[in-house]
Amino acid sequence: MTEYKSDLLRLLSERGYIHQVTDAEGLDALAAKQIIPAYIGFDPTAPSLHVGSLVQIMMLRRLQQAGHKPIVLMGGGTGKIGDPSFKDEARKLMTDEVIAGNVASIKRVFENFLTFGDGPTDAVMADNAEWLDKLEYIPFLRDIGQHFSVNRMLSFDSVKLRLDREQSLSFLEFNYMILQAYDFLELSRRAECRLQMGGSDQWGNIVNGVELSRRVDGTHVFGLTTPLITTADGGKMGKTMAGAVWLNADQLSAYDYWQFWRNTQDADVGRFLKLFTDLPLDEIARLEALQGSEINEAKKVLADAATAMCHGEDAAQEAAETARKTFEEGAAGEALPTFAVPSGEIGILDAMVALGLCASKGEAKRLIAGGGAKVDGDKVDSETAVVAVNGPVRISAGKKKHGILIR
C-alpha cells in the first residue's frame, strides 16, 4: 500500500476506495496543505439512488471527515442525455418535470451522510443544468469542442463496448463525455474545485475533464476512481433477486435495507465494514476475523451501522428488533420451520417445498403466479428464481406462513 502524507488519501487508501489517480503525488501534496473542494456527479435517472451509488456517497463522506469540502453535483443537465458509459442501449429520455422531481427526491439522502452549510468544509449541492442549459451551441463547439479528439473518444472502453457490439450510439450520447468534462471546468472556475471522483467506469470521462481544465485555463486538477464494487461471488453490488436496493425510505423500507446488509456474504463482511461504516479499522479487523456462525454477529453490526447512517438510529434499532423477533423467536412466538442449504443457493420452488410452505412444486408455482411468494419481504416474480443463502433468509407463502433458510 502506498504511503500517503495527507489524511485524505491515507483514509481513502486504508478503507479500500482508491483504484486510479491521475497524479497521486500531486494530489497528496495538495491535500496535505489546503482544503480541497471535490465533486462527484449523480444523474437523476430515478427518484432514488441505490446501493450501487453508495460507495460514491461514502467517498464524499470520507472527504469531509478528512477536512475537505464535498460538492454533490446533480445532473439536471446531463440527465437529459444519459450517461452511455458501459450501457448496452440508450436511456429513455426524461422530461424536465421528471428530472426536477427526481433531483428533489434524491437530495434528501445526502443530508444523512454529509453536513451541509456555508463553512469551509461544509458540503454544497450544485446542479449542472445551471450552466449546461444556457450553453450556446456554436460558441461551445468553438471554445470547448476543439479540445476533444474524436479518435481518442472512440478509443474509450465505454464507447468501444457499444460499437463492438454494433449497438447504436447516438450523437446525443456521444456528447455526454464532453459535457461531463465541461462540468469539471465550470466547478473549477465557480468553486475552485480541484478533484473529481467517481467509479472506475468514469475514468475516461474524468481524465477528459482534467485535461480540459489544463488546456483551457491552465489549472492543475485531479481525478480519482474507486474499484468496481462486486460481491465475493462476482455479482454486482446491490443487485438482488427483488431488484435494486434503494436508499430512499419511500422506495425501500429500513427493515429491507437492514436485511440486505445482514445477508452479506461472509467473505465480504470486512470489506463492506470498511467501505460502508465508520467503525474503526481495529474493530473491523476483529469482526472480520470471526469464524463460523460468529460471523453473523459481524453482519448484524454491519447492518445496524449501515442502516443507522442511511435511515437513522431509531429505524436501524427497530429493523434489528423486527429481524430478531422474526428469526429468533418466530412468528407470534412460535418457532418458524427452517431448512439448511449447504450449497448456499436453492431454487425457490425447492425452498418452499422443503420448508413445508407448499405441498408440491405445482402449488408453489401457483402461489408465485398469484404474487403470494416472498423472499425477505420482496415478491418473487419467477418460478425459476434462485435464492442466495448467506445468512438467514425468510421465505413467505401468503401473509401467515413463513420459513427460514439457513446456511
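This briefing describes selected helices, strands and residues of one protein structure. The model is predicted: local features require a pLDDT of at least 70, side-chain atom pairs count only at pLDDT 80 or more, and totals for chains, interfaces and linings use all residues. Residues are numbered from 1 along each chain as its sequence is written, and side-chain values use heavy atoms, with hydrogens and water left out. Helices (H or I, at least four residues) and strands (E, at least two) are DSSP runs, numbered from the N terminus.

**Helices α10 and α11**

- Two packed helices are described by the angle between their axes and the distance between the axes.
- Helix α10 (176-191) packs against helix α11 (residues 203-217) at an angle of about 55°, and their axes are 8 Å apart. Axes are lines fitted to C-alpha atoms, for helices over the stretch in contact, and angles run from 0 to 180 degrees between N-to-C directions.
- The two helices are therefore oblique to each other; angles under 35 degrees count as roughly parallel, over 145 as roughly antiparallel, 65 to 115 as roughly perpendicular and the rest as oblique.
- The crossing of α10 past α11 is right-handed, a term used if the near helix is turned clockwise from the far one by less than a right angle, with left-handed used if anticlockwise.
- Contact (heavy atoms within 4.5 Å) involves residues of α10 including Tyr176, Phe184 and Leu185, and residues of α11 including Ile206, Val210 and Leu212.
- The residues of this contact between α10 and α11 comprise ten nonpolar, six polar and two charged. Ala, Val, Leu, Ile, Met, Phe, Trp, Tyr, Cys and Pro count as nonpolar, Asp, Glu, Lys and Arg as charged, and the others, Gly among them, as polar.

**Residues in and around these helices**

- Glu192 lies in the loop between α10 and β5 (195-199). Glu192 has a positive phi of about 55° although it is not a glycine.
- Glu192 is exposed, with a relative accessible area of 55%; buried means under 20% relative accessible area, exposed over 50%, and partly exposed in between (1.4 Å probe, protein chains only).
- Gly204 belongs to helix α11 and counts as buried, at 14% relative accessibility.
- From C-alpha to C-alpha, Gly204 and Ala181 are 9.7 Å apart in space, and they are 23 residues apart in sequence.

**Helices α12, α13 and α15**

- Nine of the nine residues of helix α12 (residues 254-262) are buried, so this helix is largely enclosed by the rest of the structure.
- Helix α13 (residues 269-276) packs with helix α15 (residues 295-311) at an angle of about 20°, with their axes 10 Å apart. This makes α13 roughly parallel to α15.
- The contact of α13 with α15 has nine nonpolar, no polar and one charged residues.

**Strands**

- Strands of a sheet pair through backbone hydrogen bonds, either parallel or antiparallel. Two strands pair if DSSP finds at least two bridges between them.
- Five strands form an open sheet of mixed pairing, in the order β9-β15-β14-β11-β12. Its edge strands, β9 (338-340) and β12 (378-379), each pair on one side only.
- Strands β14 (residues 393-397) and β15 (residues 401-406) run antiparallel and are joined by five bridges; Ala397 stands opposite Lys401 in β15.
- Strand β2 (residues 37-42) pairs with β3 in the parallel sense over six bridges, and Gly41 stands opposite Leu73 in β3.
- Six of the six residues of strand β3 (residues 69-74) are buried. Lys69, Ile71 and Leu73 point one way from β3, while Pro70, Val72 and Met74 point the other way.
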